[in-house]
Structure formats: C-alpha cells, structure tokens
Amino acid sequence: MDEVLLRSLTPGVLAVLVRRGADFAAAEDAVQDALVEAVRVWPAGPPRDPKGWLVTVAWRRFLDATRADAARRRREVGVEEEPAPGPAAAADDTLQLYFLCAHPSLSPSSAVALTLRAVGGLTTRQIARAYLVPEATMAQRISRAKRTVSGVRFDRPGNVATVLRVLYLVFNEGYSGDVDLSAEAIRLTRQLAAAIDHPEVAGLLALMLIHHARRAGRTAPDGGLVPLAEQDRGRWDTASIAEGIAILQAALARDRLGEFQAQAAIAALHADAPTAEETDWVQIVEWYDELARLTDSPVVRLNRAVAVGEADGPRAGLAALAALDDSLPRYTAVAAYLHERDGDLATAAGLYAEAARKASDLAERDHLTRQAARLNAHHRSR
C-alpha cells in the first residue's frame, strides 16, 4: 500500500466532496472510510484511477450517511449528482481547500488545527506538539472546530493570514517532525504567491526556501542533530538560498513589513554568512526587535536572548533570558548554551542534562545529552 499516494490524494478527494455540497465533518468522515476501504482492497488490485476510485467510494459513503440522517429528504437530491464513471479531474484542489478551511466561523487557531488534521494529514499528536499543548487539549479543539463547521457551506473562504499560519506549521512539522511535508508546503506557498500579490506570502516563501536549503547540513551521518554554527555550509543549497533572498528583497522593498518577512531576514543573515564567525549578530538582534514588536511572542524573545548573547556577550544574553518565563520550551537549553559561553561549564552541563530530560524530540534529546556528556568529560579531565 502506497501511503504517500494516499496522503497526496486525500486533500483533493475531500475538496471534491465539499465542492459538491457535503459539510466538512461529514466529508472528512466519508473520505476516511474510503481510505480504510482502499487499504483493504487495493493490495489485491489497485485501481487505474486511484483518485477517481476514492471520490466514488467517499461520495457513496457520504450519501449512505445522509440517507440515515434526519435531513435525508433535503439532501437526497445529491444522489442525482453522482458523476459518470471515468478519470477524475487532474486539478489540484489542495490550496483551495486550505482557504476553505480558514472559514470565518472558526477562530484562527481552530482553523489551523482543523486544516492540519483534515488537509495536511498530520495526527492530533503532531499538531499538539506544534502548538505546545497537551494532545487531549488539541483533540478537543479539533472536535469543536468540526462541530462548528458541520452543516456550513464553505462558500466564504478565510483570510490569507490564517492560510499562511497553516502552511508554516505544515512546513515546520515536515522539516523537523515525523512526516515530510516541507516540500508540499513549499509547493503550495509557491502556488499561493503566484495567485496573490502579498508581501507576507512572499516572505513566507523566502523563509521556507532558505530554511529548506540548509536541510542537508542539519543531521550528521549517524542521524544526530548538527547545530547551525557547526553545519558544513558547503552542503547548503545555494541556489535555493539565492532565490529566497531575492524574493525577500522584493517583498521588503514594498515597505509592508510582517512577521514572515522579519523571520526570513534573520534566516537570510545566517545563510549569507560565509562562516558562523562572520554572522552579523548585531543586525540579527535588530531584526528580532522588529519581530518581537510584530508578534509579542515569548519564543521570539527567547531566540533574541541567544542573539544578544552572540552580539553583546553571554552575560548580556543571560540578562535578556532572565526576563523571560523559565517554563518556555527550550529555555533550559538556551540557558545551558549561554552559561557554557560564559565559561561556567559545571552549571551548563547540569542545564544541558535537564534540557535533555525535557526535550520531546529524540534528535534534540540526544544532542543535549551529548552536550552534557562533553562538558562533564571536560570537567573530569581537568
């Protein structure tokens, strides 16, 4: 069973049902039923037109469910709309479905969660990690969102800002999580940028391209995490970096700064430095100041503390860190790094070990454990 194929077809099948008038929750249930049926029967004989097969089965499951519903008489006219057998349309409905999920009746956070679950194909656990909330909390949020849109016709698409948040979360999950969705997020953002003249769309595309360009350098041969300062810059995709920077420069020239443009500017400064030592940390701090003004995000201020530590010295970074909530994700890892830079290796080793225990990502946990072991070994050898 080709799980990648099923994942790629799911958004288009869901979009077909919604376009025909199925409410979102019922359409998603019908598509899930069709996927289960595909897993059962395709290994014995895969169809010539997989998408057409899924559309047919999902539509029939939807009709079966509506017939059993109290509103059967009102909805049963849909029986006459079943298409004749034949190849399914090749049009890509995925991007349009992202817009439809960003519905005005949903809060932005609920729209993002629902879209990631129904369109992006992420599990509830993956979405909860992206939002830094417990899995049970995210499950309730998604259920509420589905109830909110149940019976609502998706004829009023949502706004660009919500779609951009969805695409960014999908990219980040694909970049560092369990499912490789980063290339799909870049494809969809390119499509959005071609359709909408908006500097923040361009900023997001630039950010994705620059981050994705460094992907080959992020992991060691043993699968371990390689920090940015230690990455082999010869492995970076310079063509993607150049494209991202050019897109960013055109967006910034329009003088309508947004958070994705600011993030892309920071990424561009890292990517443009020939070596880690030549990074323009002073300018990066200035961009973090802009980003903090735009978002008022504690995570942005945490990253800014690292930049301050590089630009003005580790004690200045620790002072910036002290103003933040120590329960922030990665707070302890940042404290460990700044204490190590300040020469307090014993404190840094203990903080690295503590950060490793808190880390949810296996690669990050292994990296932090190795950092603690390295400093402890250095301390013993003295």
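**View 1. Contacts across the whole chain.** Take the contacts (heavy atoms within 4.5 Å) between residues at least 6 apart in sequence: 62% of them join residues at least 24 apart. This is a predicted model, where local features need pLDDT of at least 70, side-chain atom pairs count only at pLDDT 80 or more, and totals for chains, interfaces and linings use all residues. Residues are numbered from 1 along each chain as its sequence is written, and side-chain values use heavy atoms, leaving out hydrogens and water. The protein has 19 helices and zero strands (DSSP runs numbered from the N terminus: helices are H or I, at least four residues; strands are E, at least two). Of its 382 residues, 47% are buried (under 20% relative accessible area, 1.4 Å probe, protein chains only).

**View 2. Helices H15 and H16 pack together.** H15 spans residues 298-312 and H16 spans residues 314-322. Their axes (lines fitted to C-alpha atoms over the stretch in contact) lie 6 Å apart, at an angle of about 160°. H15 and H16 are therefore roughly antiparallel (angles over 145 degrees, on a scale from 0 to 180 between N-to-C directions). H15 contributes Leu302, Arg304, Ala305, Val308, Gly309 and Asp312 to the contact. From H16 come Pro314, Ala316, Gly317, Ala320 and Leu321.

**View 3. Thr279 in a loop between two helices.** The loop joins helix H13 (259-272) and helix H14 (281-295). Thr279 counts as buried, because its relative accessibility is 10%. Its side chain reaches the backbone oxygen of Ala276 at 2.8 Å. Leaving aside residues up to four places away in sequence, Thr279 touches Arg233, His270, Ala273 and Ile284.

Methods: Angles under 35 degrees count as roughly parallel, over 145 as roughly antiparallel, 65 to 115 as roughly perpendicular and the rest as oblique. Buried means under 20% relative accessible area, exposed over 50%, partly exposed in between (1.4 Å probe, protein chains only). A polar contact is a pair of N or O atoms within 3.5 Å; within protein, one must be able to donate a hydrogen and the other to accept it, and residues adjacent in sequence count only if both atoms are side-chain atoms.
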